[in-house]
Amino acid sequence: MSVLTSLVRMWLTRSRKPFSFVDSYDKTLPYFDCVNLGLYIHIPFCKSICNFCPYCKVLYDKELCDEYVDCLIKEIHLVGKQHEGIKRCTSLYFGGGTPALIASRLQDIMSAINEHFHITEGVGLELHPDNVNEETLRMLQDTGVTKVSIGIQSFQDKFQGVLGRKRIDAEKIKEALDRVKFETVSMDFIFALPGQTFEDLKGDLDAAFTIGANHVAIYPFIDFTFTSSKVEPLPKKKKRKLLDDITSYLLSNGCVRDSIWTFSREKQARYSSMTRDNFLGFGCSATTLLKEQFKINTFDVKEYCQRINSQESATSLTTRFSLRQRMIYYLFWMAYSMRINAQEFERFFGVPLQKMYGFEMMLARLMRFVKKNNEGYELTLKGAFYYHYYENYYTLSYIDKMWGVMRKEAFPKHLEL
Ligand SMILES: C[S@@+](CC[C@H](N)C(=O)[O-])C[C@H]1O[C@@H](n2cnc3c(N)ncnc32)[C@H](O)[C@@H]1O
Ligand code: SF4
C-alpha cells in the first residue's frame, strides 16, 4: 500500500492503527437492535469461470451445490436463533457466483429466512444472461424475488471477446423480460475496456433500456492482481471523459444517478446490495457489517460446510472498528450513494458530522468534490469521478489484498490492511 494511502488513512481515522483482522468471532452477533439491517446470501457456483472475475466462486457441481445450500440454511438458523423473535430487515440480496443455479432450492432458503427475518423492501438476485428465460424468471418471481440484476458486460461481440464471454442473445432476454415482470431490472456493464468509445457504451445502454432494463450499473474494469485477465483498462484521462460523457447522456435522457455506478430510469428501480448501516451475510465470502465490527466468512466451500455442520460460525476474519474507523467506513459508503446526509450521520453516531469531519468537508467543498444541499452534501461530477478513482484504488489496496489472502487460506490467523 502506498505511503500516501497510509497517511490519508491515519489522518482520517486520527490513528496510526491499521485495519487489523483476526481469526476470532462473536458467538452471538449483536444485530437485533440494528436499524436498517440488510441481508446478503452468496452462491459461489458458476457454469464457467471468467478470467477477469475476482469473486468467490467455483465450477458448478450439483452434489457440492446441494450440500452447500443445506449448510446455508443451517447457517441462517444458526444466526437467526441467536435472538428471539423476528428481526425486521430492509432487503435481501442473492449474489455470486450465479445464484440462479439454485433457483429450485430458493424456496427452502426463503422459508429459513422467513422464520427469523421480515423483509420490507424486496428481494434482489444476480443473473447470468444464460439464466434469463421464462421458466427461471417465473420460479424466481414465485419465491418472492422483486429485483434482478443481469451481468451483460457488453452487447458487442468484440468486448465480450476481450472479456472471454459468450455472445449475448438480446432478443431472447427481451422475450423473457416481456413475459415476467420485476420491479427492478438492472443490467451490469463493464466500461473502460481497451478501445471502448462513447458510442460503444451509449449503444449498450440504449439497448439495455430497449430490451427491458429500468436500471443500469456501469462498473469500471478493475484489474485484480490475482485474476489471469490480460485486459489493459483505458488510461485515467480517457476513462474520465468516457464516464463524464456517458453520465451527461444518461442524465439528459431521464435517468437519475442513484449511486456512483448506477443510474435509474424509473423511480422505484433500485438495486444496491451495499449498505453503509448494517448487514448480515450468509455463505462463503459473505461479509457482515455491524455498529462496531466487520467480519468475513471463509472463501473455501468445503471448509465452510465443515464449520457449519459442526454448528460453528464460518467466520474467517473479524475487525473491531475504532469509532473513527467506523465513521470513515460509513462515510465512504454514504458518499457512494452520491450524497452525505448530515442528519443520518448524527442519528447513527450520536455526534454531528460537522464536529467530526467539518474540516474535511470544507476541503471537499473547496476542491469542488461536493456541494451543500438541505440534507448535507451532494457529490459533483468531479467528485463522482474522483470517488470512482479512489474506489478503484481502495479496491486494489484493501479488497484485492484481503481476497488474495483468503483465496489461498481458508482461515488465516491475522491480516493488516
Ligand atoms: C457476480 S457478477 C454478475 C452475475 C453473473 N455471475 C454474471 O457474470 O453475469 C457481478 C458483476 O461484477 C462485475 N465485475 C466482475 N468482475 C469485474 C472486474 N474485474 N471489474 C469490474 N467489474 C467487474 C460485472 O459487471 C458482473 O456482472
Ligand atoms: S463474472 Fe459471473 S459468471 Fe463469470 S466467474 Fe464471475 S460470477 Fe461467475
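Biologist: In which loop is Arg368 found?

Modeller: This is a predicted model, in which local features need pLDDT of at least 70 and side-chain atom pairs count only at pLDDT 80 or more, while totals for chains, interfaces and linings use all residues. Residues are numbered from 1 along each chain as its sequence is written, and chains are lettered from A and ligands numbered from 1 in the order in which they are written. Helices (H or I, at least four residues) and strands (E, at least two) are DSSP runs, numbered from the N terminus. On that numbering, Arg368 is found in the loop between helix 12 and strand 19.

Biologist: Is Arg368 buried or exposed?

Modeller: A residue is buried if 20 or more other C-beta atoms lie within 10 Å of its own, exposed if 12 or fewer, and partly exposed in between, with C-beta atoms placed from the backbone. Arg368 has 11 other C-beta atoms within 10 Å, and therefore it is exposed.

Biologist: What is the phi of Arg368?

Modeller: Most residues other than glycine have a negative phi. Arg368, although not a glycine, has a positive value. Its phi is near 60°.

Biologist: At which residue does helix 12 bend?

Modeller: The bend at a residue is the angle between axes fitted to the seven residues ending there and the seven starting there. Helix 12 covers residues 353-366, and its buried residues are Leu353, Tyr357, Met361 and Ala364. The bend in helix 12 is about 50°, and it lies at Phe359.

Biologist: Against which elements do the buried residues of helix 12 pack?

Modeller: Packing rests on contacts, and two residues are in contact if their C-beta atoms, placed from the backbone, lie within 7 Å. For the buried residues of helix 12, the partners are helix 11 (342-349), strand 19 and strand 20.

Biologist: Which residues of helix 13 are buried?

Modeller: The buried residues of helix 13 pack against several elements, including helix 8 (236-252) and helix 10 (323-336). These buried residues are Gly383, Ala384, Phe385, Tyr387, Trp403 and Met406.

Biologist: Which residues are closest to ligand 1?

Modeller: A residue is near a molecule if its C-beta atom, placed from the backbone, lies within 6 Å of it. By this rule, 17 residues surround ligand 1. Strand 6 (92-96), strand 9 (145-153) and strand 10 (184-191) each give two or more residues to this shell. The closest residues are His128, Gly151, Asp188, Tyr219 and Ile222.

Biologist: How many residues of each class does the shell around ligand 2 have?

Modeller: Ala, Val, Leu, Ile, Met, Phe, Trp, Tyr, Cys and Pro count as nonpolar, Asp, Glu, Lys and Arg as charged, and the others, Gly among them, as polar. The residues around ligand 2 include Cys46, Cys50, Cys53, Lys57 and His128. By class, this shell has five nonpolar, five polar and one charged.

Biologist: What is the omega of the bond that joins Gly96 and Gly97?

Modeller: Most peptide bonds are trans. Gly96 and Gly97 are both among the residues around ligand 2, and Gly97 is found in the loop between strand 6 and helix 3 (106-116). The peptide bond joining Gly96 and Gly97 is cis, with an omega of about 15°.

Biologist: Why does Gln153 count as buried?

Modeller: Gln153 has its place in strand 9, and its phi is positive, near 75°. Gln153 counts as buried because its C-beta neighbours inside 10 Å number 24.

Biologist: With which residues is Leu201 in contact, leaving aside neighbours within four places in sequence?

Modeller: Leu201 is found in helix 7 (residues 198-210). It is buried, because 23 other C-beta atoms lie within 10 Å. Its contacts are Phe191, Gln196, Leu242 and Ile246.
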